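Morning, everyone. Please have the sequence and the model open while I talk.

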Amino acid sequence: MRIIDVHTHPILRLDRRGRKGAAQLLARAQAHGIEHVVALGDVLAYGRSPTEAQLRKINDDTAWLMREHAGFVTGFCHLNPTLGAAAVRREVARGVARGFRGLKLEIANNASDACMQPLMEEAEQHGLVVLQHAWSMTKIRERRFHTDPEDVATLARRFPRVQIIMAHLTGCGVRGVLAVKDCPNVFVDTSGAAPEAGVVEYAVAQLGAERVLYGSDAPIRDFGVALARITGAQIMAAAQRKILSENTRALLRLP
Ligand SMILES: [Zn+2]
């Protein structure tokens, strides 16, 4: 079985191990049969709205991971759209030069905010995939900076030529799947919260297996648990193969 993990954070200052912790995490990924990971960066290392200098540190760590584990790690560039167009364009240029394949948005702003415009233009111009943090916000009063699946759908309709990964299928849930169903440029990764029976099956039924991507959010979630969401789902073997590796390989044009 071939496996690519589209959502990992190999360096997490929270666990106080820094770059040393990354090697251990990636060894654990390999022990689970994972052949490639997407590293999204230590996105909350400096809080929810990092400065340009802080973003550079986060993205330098991701670039280091790509060099240190060449062929095993693909990096996404973490950005803070609220810093403005010039800062966004500078950091995207640095990321593209280093071979990053996507842009990672966390909780600096809501995905439907106007400040997303320059970043989405850059994504389209450079063929970068946008991975947007998302969670069903019906119960949390932080939508000012926390993106709901409805906001991902708004973003996707404004920029139909940009491929978007909506993070956290389990956090987005049934209503999240329905929110992006009519947006063919939105994929969903299977991370988020504890596994819930039936959610992966529901996403496959509504979106098609082609739009579902295996992601763990490791080390926040364990690889074994994250993989079992897919291997334990009542779906066809061909759908499992698509979710576990084929979709992400095609989306990121990996060898
Ligand atoms: Zn994450």
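Which residues of helix H5 (residues 149–158) are buried? Pro149, Asp151, Val152, Ala153, Leu155 and Ala156 are. Buried means under 20% relative accessible area, exposed means over 50%, and partly exposed is in between, with a 1.4 Å probe and protein chains only. An α-helix has 3.6 residues a turn, so residues three or four places apart point the same way.

A word on the ground rules. This is a predicted model, where local features need pLDDT of at least 70, side-chain atom pairs count only at pLDDT 80 or more, and totals for chains, interfaces and linings use all residues. Residues are numbered from 1 along each chain as its sequence is written, and side-chain values use heavy atoms, with hydrogens and water left out. Helices (H or I, at least four residues) and strands (E, at least two) are DSSP runs, numbered from the N terminus.

Back to H5. What covers its buried residues? The cover includes helix H4 (117–126), strand E5 (129–132), strand E6 (164–166), helix H6 (169–180) and strand E7 (186–189). At the start of H5, a side-chain oxygen of aspartate 148 comes within 2.8 Å of the backbone nitrogen of glutamate 150.

Now to H6, and to threonine 170 within that helix. Threonine 170 counts as buried because its relative accessibility is 9%. Its side chain makes a polar contact of 2.6 Å with the side chain of arginine 229. A polar contact is a pair of N or O atoms within 3.5 Å; within protein, one must be able to donate a hydrogen and the other to accept it, and residues adjacent in sequence count only if both atoms are side-chain atoms. Leaving out residues up to four places away in sequence, threonine 170 touches Thr190, Ser191, Gly192, Ala193, Ala194, Glu196, Val199 and Arg229. Contact there means heavy atoms within 4.5 Å.

Next, the metal. Which residues coordinate the zinc ion? His7 (NE2), His9 (NE2) and Asp217 (OD) do, at 2.1 to 2.2 Å. Donors are N, O and S atoms within 2.8 Å of the metal (3.2 Å for Na, K and Ca); water is not among the atoms, so sites may look incomplete. The donor spacing in sequence is H-x1-H-x207-D. Histidine 9 sits in the loop between strand E1 (3–8) and helix H1 (18–31), and aspartate 217 in the loop between strand E8 (212–213) and helix H8 (223–231), so the pair ties together parts that are 208 residues apart in sequence. Both histidine 9 and aspartate 217 are buried.

On a 1 Å grid over the protein atoms alone, a cavity is a set of points where a 1.4 Å probe fits but cannot get out, and a pocket is an open set with protein on both sides within 12 Å along at least five of seven lines; lining residues have an atom within 4 Å of a point. Grid points are joined across faces, edges and corners, and a volume is the space filled by probe spheres set on the points.

The largest pocket holds about 340 Å³. It has 19 lining residues, and His9, Leu44, Glu106, Asp217 and Ile220 are the closest to its centre.

How many cavities of 30 Å³ or more are there? Two.
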